[in-house]
Amino acid sequence: MALPEATSPRTERTVRRIFDAAGLCFGELGYSKTTVEEIASRAGVSKALVYVHFDGKEDLLEKVLEATLEEWTSYSESCIDEAGPAVTQRLKAMHRSSIEYAKDHPLLKGIMTRDDRLLLMHVREPGLRAQEAWRDSLIELLTEGIDRGELRCDLDPGRTADVIILLHNAYLDRLFDTTLVNTSDPALVEAGMDALLLGIADSSARSATEGMK
């Protein structure tokens, strides 16, 4: 997401500092406890300068959330592109990369571990848009897998996409609570998708893959 238009490299750096500071504050303190003064202090600028570039705390929250979701999507897409042509490998890369990004992002950690109603309210609409776009991408990928004979021909791409989303969201929901299970464990991340793919992969394609091991 583009930041407010900057007139010089110095201004651009200042805006970026404010923007990054806001993301850290929202992640650590939540929306209600974050103040413009705190953001300004973290950015090393005056409170007045924050208002020069942003309308206030709510404006910053909306921009930070939207930028985070866009970056999250872009990161996953880049990892999917590097996974190779096999649909099953791209599905695994989508699951793996999304969790990798979320577990290292302070704002997402704050959203997932804090009952901050306004923060959650603001993330709801862009979050739903992002999830709808993700579902569309999954359906396209699953359809490709069916057409190529990698996945079972009797699969319903829409239903299967919903199952993958439910599995992935279950991992995200437990990402920062390791009391029962550590869902950020790479081995567990892989095991989840392996179990799902075992059910949706075409049996002949699966046998061929197993024979290559």
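Does Glu-144 count as buried, partly exposed or exposed, and at what relative accessibility? At 27% relative accessibility, Glu-144 counts as partly exposed; buried means under 20% relative accessible area, exposed over 50%, and partly exposed in between, using a 1.4 Å probe and protein chains only. This is a predicted model, where local features need pLDDT of at least 70 and side-chain atom pairs count only at pLDDT 80 or more, while totals for chains, interfaces and linings use all residues. Residues are numbered from 1 along each chain as its sequence is written, and side-chain values use heavy atoms, with hydrogens and water left out.

**The overall picture**

- The protein has ten helices and zero strands; both are DSSP runs numbered from the N terminus, with helices being H or I of at least four residues and strands being E of at least two.
- Of the protein's 213 residues, 41% count as buried.
- Take the contacts with a separation of 6 or more: residues 24 or more positions apart account for 67% of them. Contact here means heavy atoms within 4.5 Å.

**The largest pocket**

- This pocket has a volume of about 990 Å³.
- A pocket is found on a 1 Å grid over the protein atoms alone, as an open set of points where a 1.4 Å probe fits, with protein on both sides within 12 Å along at least five of seven lines; lining residues have an atom within 4 Å of a point.
- Grid points are joined across faces, edges and corners, and the volume is the space filled by probe spheres set on the points.
- The largest pocket is lined by 30 residues, and those nearest its centre are Trp-72, Gly-127, Ala-130, Gln-131 and Trp-134.
- Two or more lining residues come from each of α4 (57–81), α5 (87–103), α6 (106–113), α7 (117–147) and α8 (157–173).
- Helix α7 gives the largest share of that lining, with 13 residues.
- Sorted by class, the lining has 15 nonpolar, eight polar and seven charged residues. Ala, Val, Leu, Ile, Met, Phe, Trp, Tyr, Cys and Pro count as nonpolar, Asp, Glu, Lys and Arg as charged, and the others, Gly among them, as polar.

- With 13 of its 17 residues buried, α5 is largely enclosed by the rest of the structure.
- The 17 residues of α5 should span 24 Å at 1.5 Å a residue, and the end C-alpha atoms agree at 25 Å apart. The expected span is 1.5 Å times one less than the number of residues.
- Ser-97 sits in α5 and counts as buried at 2% relative accessibility.
- Setting aside residues up to four places away in sequence, Ser-97 touches Tyr-75, Ser-76 and Cys-79.

- Glu-144 belongs to helix α7. Beyond its neighbours within four places in sequence, Glu-144 is in contact with Val-87 and Arg-90.
- Between Glu-144 and Val-87 there are 7.4 Å in space, C-alpha to C-alpha, although they are 57 residues apart in sequence.
- Over in helix α4 you'll find Leu-69, which counts as buried at 13% relative accessibility.
- Leu-69 is in contact with Pro-126 and Gly-127, leaving aside neighbours within four places in sequence. Leu-69 and Gly-127 are 58 residues apart in sequence but 7.3 Å apart in space, C-alpha to C-alpha.

**Helix α9, side by side**

- The buried residues of α9 are Val-189, Gly-192, Met-193, Leu-196, Leu-197 and Ile-200. Seen down the helix axis, they fall within an arc of 125 degrees, so they line one face of α9; the arc is that of the directions from the helix axis to the C-beta atoms.
- Exposed Ala-187 and Ala-195 are on the face of α9 turned away from its buried side.
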